[in-house]
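Please have your viewer open and ready to select residues as we go.

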Amino acid sequence: MDAAVFRAWITSAAEVIEANRDHLTQLDAAIGDADHGINLARGFTVVLGALDAAPKAPATPGAILTMTGNTLISKVGGASGPLYGMAFRRAGKSLGDAADVDLPALSAALDAALAGVQQLGAAREGDKTMVDALAAATRAFSKAIAEGASQDDALDCLAEAAEAGAEATISMQALKGRASYLGPRSVGHEDPGAVSTALILSSLRDAARADR
Ligand code: ADP
Ligand code: MG
């Protein structure tokens, strides 16, 4: 997977977040402050502009993800901006200067993203956050790779596990973030950040598949 795949990932993520902007905002209206879709859609629009406008377009997968993270941190408010910013920055750093990324390198980068999110936000699995989608996804991805899955199959596992991880948040009580203020009343709603994480990871699957 080269820089073009990662560029396509971010472009597709921006489109998918924009298409789901109202859905994400409605999910956040139920257990938060109704800004998640608006926040993220605006952030990814700025990211696309930054990637296009950079005097020297980022030429490696790592540089693309690092620029994405830096932009999200500076442009997206709320809890999710710094958390997603951290995730993309850590993933970018993990990829280093490599021009081409194989499955184990991508898996390590996603593990680094998860570690960054948990370092910053201190959420564990089961707390009803984006961590529930991201942790399930990274675990399924590394298992698929260890079992010798093809790139397409491993990325399918990644995206499907993220979606299942997001769905699993419905029955959870929020212990982190704004939704935790609701206590038991947060149960019965899907976590908006977990849903956006699943959307972003399904964009990665689609971008890598379209490449082949
Ligand atoms: P805010 O809650 O500040 O309005 P957003 O609405 O953009 O920010 O994002 C809310 C999402 O952020 C939640 O659905 C949850 O997935 C995620 N989130 C909040 N706090 C944390 C945390 N400490 N760790 C991981 N994710 C978190
Ligand atoms: Mg919010």
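How many residues of the lining of the largest cavity are nonpolar, polar or charged? Keep that in mind while we set up. This is a predicted model, in which local features need pLDDT of at least 70 and side-chain atom pairs count only at pLDDT 80 or more, while totals for chains, interfaces and linings use all residues. Residues are numbered from 1 along each chain as its sequence is written, chains are lettered from A and ligands numbered from 1 in the order in which they are written, and side-chain values use heavy atoms, with hydrogens and water left out.

**Stop 1: the cavity**

A search of the whole structure finds one cavity of 30 Å³ or more. On a 1 Å grid over the protein atoms alone, a cavity is a set of points where a 1.4 Å probe fits but cannot get out, and its lining residues have an atom within 4 Å of a point. The volume of the largest cavity is about 170 Å³, counted as the space filled by probe spheres set on the points, which are joined across faces, edges and corners.

Select Ala87, Phe88, Ala113, Leu134 and Leu201: of the 16 lining residues, these are the closest to the centre of the largest cavity. Now colour the elements that give two or more residues to this lining, namely α5, α6 (103-121), α7 (130-146) and α9. Helices such as these are DSSP runs (H or I, at least four residues), numbered from the N terminus. With five residues, α6 gives the most to the lining.

And the opening question? The lining of the largest cavity has 15 nonpolar residues, one polar and no charged. Here Ala, Val, Leu, Ile, Met, Phe, Trp, Tyr, Cys and Pro count as nonpolar, Asp, Glu, Lys and Arg as charged, and the others, Gly among them, as polar.

**Stop 2: the ligand**

Next, select ligand 1 and the 20 residues around it (a heavy atom within 4 Å). Asp33, Ala79, Ser80, Gly121 and Asp191 come nearest. By class, this shell has six nonpolar, eight polar and six charged residues. Its largest share, three residues, comes from α9.

Now look for polar contacts, pairs of N or O atoms within 3.5 Å. An N or O atom in the side chain of Asp191 is 2.5 Å from an oxygen atom of ligand 1. For Met130, a backbone N or O atom lies 3.0 Å from a ligand 1 oxygen. In the side chain of Asn39, an N or O atom is 3.2 Å from an oxygen atom of ligand 1.

Methods: Polar contact = N/O pair within 3.5 Å; in protein donor to acceptor, adjacent residues only side chain to side chain. 1 Å grid on protein atoms, 1.4 Å probe; cavity = no way out; pocket = protein on both sides within 12 Å on 5 of 7 lines; lining within 4 Å.
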